[in-house]
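Q: Please take a close look at the aromatic rings for me. Keep it simple and walk me through them step by step.

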Amino acid sequence: MKKSYIVFAVFTTFTQAVFAVLLFLEKFGILHFDGQIAGIAMCVVPAVGAALTKSCDEKYEEIQRLFYVLFGCYCMVLVLDILGILSSGIANVIAGAVMVIGSLRLLWLYNYGKKKSSTFDGFREIRKAIILFILILLGRNIFAVFAYSHEYIAVFSNLLVLVQAALVMFVGAAQYWGEEYAWRGFLQKPLQEKFGKRWGIVVLGIIWERQERSCIHF
């Protein structure tokens, strides 16, 4: 195993453990802060770990600096919330604003940056399938409303949820797409080279599941 991958493993494991302890203390009322901010920061940890690792290998991409800034801002807001300098409401608003601005910047770099990341090179090839999946999911929800409920106004709620989901893909790109900078854009290739195309994906899925379980559990 390369030294750089050890950096990734140590950073992500240690950082997630710190956030887990903070959320544990918040859950039992020992600390008081908005746990959602910690959850948002935890989503960026893999990307920051991947960025650090690439820096160790002297591979620079514009997007690395963005993840450093995002993670630093989230941590600063979280600390100010814990210390009581910011109220949880204001801290949440600031973290949300940082996420939106960072997400728009992320999308710009993916598409127009001088050194574009190859993480989503294959997105256009599957976008029709993604749209079809969304339409099928929406159709199922609408059918369920008419079949099992007399509250037809719920149809509009489903439409609203779909619109919100579409917006989240953009304003939350730093979280939902940013993670793929680590999983698909960093770990997938070396794991497939070591374990083969299929088993490499399986191993990556196990690593991803362990990461997500720590986020979801808390």
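**Ring pairs and their surroundings**

A: The count comes to 5 aromatic pairs, where rings of Phe, Tyr and Trp (its six-membered ring) pair if their centres lie within 6.5 Å. Planes under 30 degrees apart count as stacked, over 60 as edge-to-face, and the rest as tilted. This is a predicted model, where local features need pLDDT of at least 70 and side-chain atom pairs count only at pLDDT 80 or more, while totals for chains, interfaces and linings use all residues. Residues are numbered from 1 along each chain as its sequence is written, and side-chain values use heavy atoms, with hydrogens and water left out.

Start with Phe-19 and Phe-71. Their pair is edge-to-face, 6.2 Å centre to centre, with 85 degrees between the planes. It links distant parts of the chain: Phe-19 is in helix 1 (residues 3-27) and Phe-71 in helix 3 (residues 62-82), 52 residues apart. Helices here are DSSP runs (H or I, at least four residues), numbered from the N terminus. Phe-19 counts as buried because its relative accessible area is 4%. Phe-71 is buried too, at 13%. Buried means under 20% relative accessible area, exposed over 50%, and partly exposed in between (1.4 Å probe, protein chains only).

Next come Phe-67 and Tyr-181. This pair is tilted: 5.1 Å centre to centre, 40 degrees between the planes. Phe-67 sits in helix 3 and Tyr-181 in helix 8 (residues 180-195), 114 residues apart. Both Phe-67 and Tyr-181 are buried.

Thr-15 belongs to helix 1. Thr-15 is buried because its relative accessible area is 9%.

Now look at Phe-195. The charged end of Lys-194 sits over the Phe-195 ring, 5.8 Å from its centre. To count, NZ of Lys or CZ of Arg must be within 6 Å of the ring centre and within 35 degrees of the ring normal.

Phe-195 is also part of a nonpolar surface patch with Trp-199, Val-202 and Ile-206; together they have about 430 Å² of accessible area. Patch residues have over 30% relative accessible area and no salt bridge (a Lys or Arg side-chain nitrogen within 4 Å of an Asp or Glu carboxyl oxygen). Nonpolar side chains are joined within 5 Å, like charges within 9 Å. Areas come from the Shrake-Rupley method with a 1.4 Å probe. Helix 9 (residues 197-217) gives the most to this patch, with 3 residues. Val-202 lies in helix 9. Val-202 is partly exposed because its relative accessibility is 39%.

Conventions. Helix = DSSP H or I, 4+ residues; strand = E, 2+ residues; numbered from the N terminus.
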